[in-house]
Amino acid sequence: MDAKAEKGKVSNHHIPNDLTLSILSKLSLKSLKRFGCCCKSWGFLFESPHFMSMYRNNVISNNHTSCYDEPSVIILHHFPPLPITDEFMFSVFLFSGERHENKVKLYWPPLFLETDYIQMLSSDSINGNILVQRQRMMIFWNPSTNEFKVIPPSPVESGRSFRDPMIRFHGFGYDHVRDDYKVIRRVHFYELISSDLDPLNVSWEDVSWGDVSIPPLWEIYSLKRNSWRKLDVDMPECYHENTGFHVYTDGMCHWRGESVGPEECLVSFDLINEAFIITPMPSDIDEIRAFISSTNDEFDFKMDRHLVLLNGSIALISYYIETTFFHISILGELGVQKSWTKLFIIGPLPYVYTPIGVGKKGDIFLRQEDNELVWYNLNTNVIEKLGITGMNDCCRTGIYRENLLLLE
Amino acid sequence: MAEATESSSSQTLTLKRAGRLRAERLIAERQRLKQTLTLKIVKRESDESSSSQTAEEEFKKLNVKEGEDSNKSSRKDGEKSKKLSKKEEEEATRIEVRTVDDVTLVDVHGENFSDVVQVDSVSSHLLGQILSYFAEQTRLAGEEDDLKKYEEEFVAALSLDEMKEMIITAHRLRMRKLVLLLSRSIANGIRNKTVEFVREFFGVVNDYTPDEEEAYRKENDWVFENIEEN
């Protein structure tokens with residue numbers, strides 16, 4: 001080994017420059033930024049269009065997980081209400097193939113009807129399982145085996161509180177250390193008012209003060225224990241359950257949280273040690289928040305955000321309404337605001353209304369203004385139709401990797 | 001599977017099917033240029049040999065090869081190699097690794113070709129591994145899972161320095177798949193290293209002034225945390 005090293009110096013072997021750049025283009029944002037300190041030309045790599053084009057290509061196509069099967073994409077879409085019955089229809093489709101050309105319709109587990117209002121809470125599958133919800137019932141569902149498990153209500157739900165709490169899903173993930181699936185949610189109780197008690201035939205005097213005002217809480221469900229327990233943390237919460245607000249990767253649940261002031265932050269909750277990290281949103285984006293109120297029909301916003309997982313990296317898609325451009329920034333390191341790095345600028349895409357998720361290899365799924373669902377290939381910059389339509393915020397896509405193991 | 005063994009006497013090593021496929025591909029490539037392809041690899045002094053004279057000889061050869069390297073003109077290379085390749089002109093299409101007078105030749109033959117790809121100072125050990133890789137590639141072609149597994153094991157057994165040497169050689173031999181595999185592995189191997197380590201690894205000269213470097217480190221403080229100590 002020593003002899004070799006010596007010989008190396010003698011023969012002055014160096015990796016040729018184009019090969020060096022090719023190697024550098026495969027590094028993470030953090031490593032690449034660090035090696036920018038090696039010499040000036042490397043410091044300017046982020047400004048080199050040729051290099052960045054190579055880099056972007058690797059971001060999309062690098063295989064982080066050694067998966068031998070081609071992951072499919074799952075879409076929960078919502079047909080427009082049928083004119084006569086005024087019912088909704090929720091369906092799930094599995095798209096597979098390089099260009100998402102194979103479409104398979106999945107059937108809900110026997111508990112659900114297609115006319116139910118069903119929400120898909122997680123975008124990507126975790127070991128082949130998806131979390132879906134109908135009204136207040138959450139279930140783990142494995143579409144391949146059609147196995148499902150109903151999550152029981154928590155003590156907080158079934159306890160004596162005289163009114164229904166407001167529950168918001170925050171995360172679904174897998175703790176590999178304990179081999180356990182977890183679900184996190186936030187529970188709010190409105191102030192008790194006398195009209196709540198009337199239908200229950202309870203008088204105001206019989207209610208203790210503790211029942212009138214209950215502080216909000218965090219709850220975490222463990223599949224192994226099949227029970228909920230209170231989480232003793234104080235972290236920013238998310239007020240939406242739609243797509244674009246939560247992602248899961250590597251044992252951590254992430255969501256867009258409301259922090260102090262109008263600005264959002266990324267909350268990253270570690271399922272293993274139950275600690276969280278806050279990362280402020282990128283500061284270079286003009287913050288004009290989009291808020292679509294469920295009670296309002298009208299809305300007015302200039303920029304919308306979408307939290308996604310782009311080939312394993314946490315990314316933010318920012319959509320500028322007026323210019324119809326999409327900017328995609330990747331997070332370099334949790335907790336570091338300046339590590340958000342803008343990598344992709346795509347557009348103009350005038351007919352596109354909103355992203356609905358990301359598939360394998362950086363394929364971005366979008367909903368057009370005419371409700372047509374399409375996908376955008378970041379490599380070829382081509383948009384293609386999927387052949388189905390969807391409505392409102394009920395469309396959601398993610399990566400589905402089949403797993404035939406039992407959920408136990 | 002073929003292996004290149006070390007020996008000072010001349011020997012012929014023939015890669016059968018694997019070699020022929022490679023040969024055919026390379027020949028097709030060269031056909032337009034109407035040149036033969038002769039891969040010349042200078043055999044590195046083995047660990048057993050300790051003669052300083054041969055070391056000097058080889059050193060001279062290295063210098064000579066370096067000079068030829070800088071000039072990428074294939075015509076010039078062709079001239080130099082004509083003396084050697086003449087012997088093999090009549091032979092059939094196959095890759096030959098021959099060690100003659102301390103020079104290892106890997107020849108690919110066809111009709112009316114002449115070209116030399118210089119690949120210098122590769123230890124026979126690494127050369128053997130490259131050839132093994134190539135043979136396995138062809139053998140496992142189509143069986144994705146086995147191929148992936150083989151590749152994983154292949155790179156796991158290599159040190160960063162070995163990968164560096166190998167990638168330079170593979171680059172010259174135009175083995176795209178091996179280069180891609182190695183560049184991924186090297187990227188993975190250096191990702192947590194310090195700036196100093198990487199500078200030395202790639203032979204990069206620091207052209208920042210101390211102030212400039214300080215400013216860079218300060219501005220990007222987050223990238224300098226949680227990395228390996230050399």
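In which strand of chain A is the place of Val150(A)? Val150(A) belongs to strand β7, residues 147–150 of chain A; helices (H or I, at least four residues) and strands (E, at least two) are DSSP runs, numbered from the N terminus. This is a predicted model, in which local features need pLDDT of at least 70 and side-chain atom pairs count only at pLDDT 80 or more, while totals for chains, interfaces and linings use all residues. Residues are numbered from 1 along each chain as its sequence is written, chains are lettered from A and ligands numbered from 1 in the order in which they are written, and side-chain values use heavy atoms, with hydrogens and water left out.

Val150(A) has a relative accessible area of 33% and is therefore partly exposed, the class between buried (under 20% relative accessible area) and exposed (over 50%), with a 1.4 Å probe and protein chains only. Together with Leu111(A) and Phe148(A), Val150(A) makes a nonpolar surface patch of about 190 Å². Patches are made of residues with over 30% relative accessible area and no salt bridge, where like charges are joined within 9 Å and nonpolar side chains (Val, Leu, Ile, Met, Phe, Trp, Tyr) within 5 Å. A salt bridge is a side-chain nitrogen of Lys or Arg within 4 Å of a carboxyl oxygen of Asp or Glu.

Another part of chain A to look at is strand β2 (residues 89–96), where seven of the eight residues are buried. Strand β1 (residues 72–79) runs antiparallel to β2(A) and is joined to it by seven bridges; two strands pair if DSSP finds at least two bridges between them. Within this pairing, Phe79(A) has Met89(A) as its bridge partner. β2(A) is also joined to β3(A) (residues 102–106), again antiparallel, by five bridges, and Leu94(A) stands opposite Val104(A). Five residues lie between β2(A) and β3(A) in a hairpin, and Gly97(A) in the turn has a positive phi of about 105°.

Further along chain A comes an open sheet of four strands in the order β8-β9-β10-β11, with antiparallel pairing. The edges are held by β8 (166–175) and β11 (227–231), each with a single partner strand, so one side of each has no neighbour in the sheet. β8(A) and β9(A) (residues 180–188) run antiparallel and are joined by nine bridges, with Phe172(A) opposite Val183(A).

The loops of chain A hold some backbone features. Most residues other than glycine have a negative phi, and most peptide bonds are trans. The bond from Gly347(A) to Pro348(A), however, is cis, with omega near 0°, and Pro348(A) is found in the loop between β19 (340–346) and β20 (352–358). Lys361(A), in the loop between β20 and β21 (363–368), has a positive phi of about 50° although it is not a glycine. Asn381(A) also has a positive phi, near 60°, and is placed in the loop between β22 (372–377) and β23 (382–389). Lys361(A) is partly exposed at 39% relative accessibility, and Asn381(A) is partly exposed at 46%.

In chain B, Asp146(B) is placed in helix α5 (residues 144–156). The C-alpha atoms of Asp146(B) and Glu136(B), 10 residues apart along the chain, are separated by 10.0 Å.

Definitions and conventions:
Accessible areas come from the Shrake-Rupley method with a 1.4 Å probe; for residues, only the protein chains shown count as cover.
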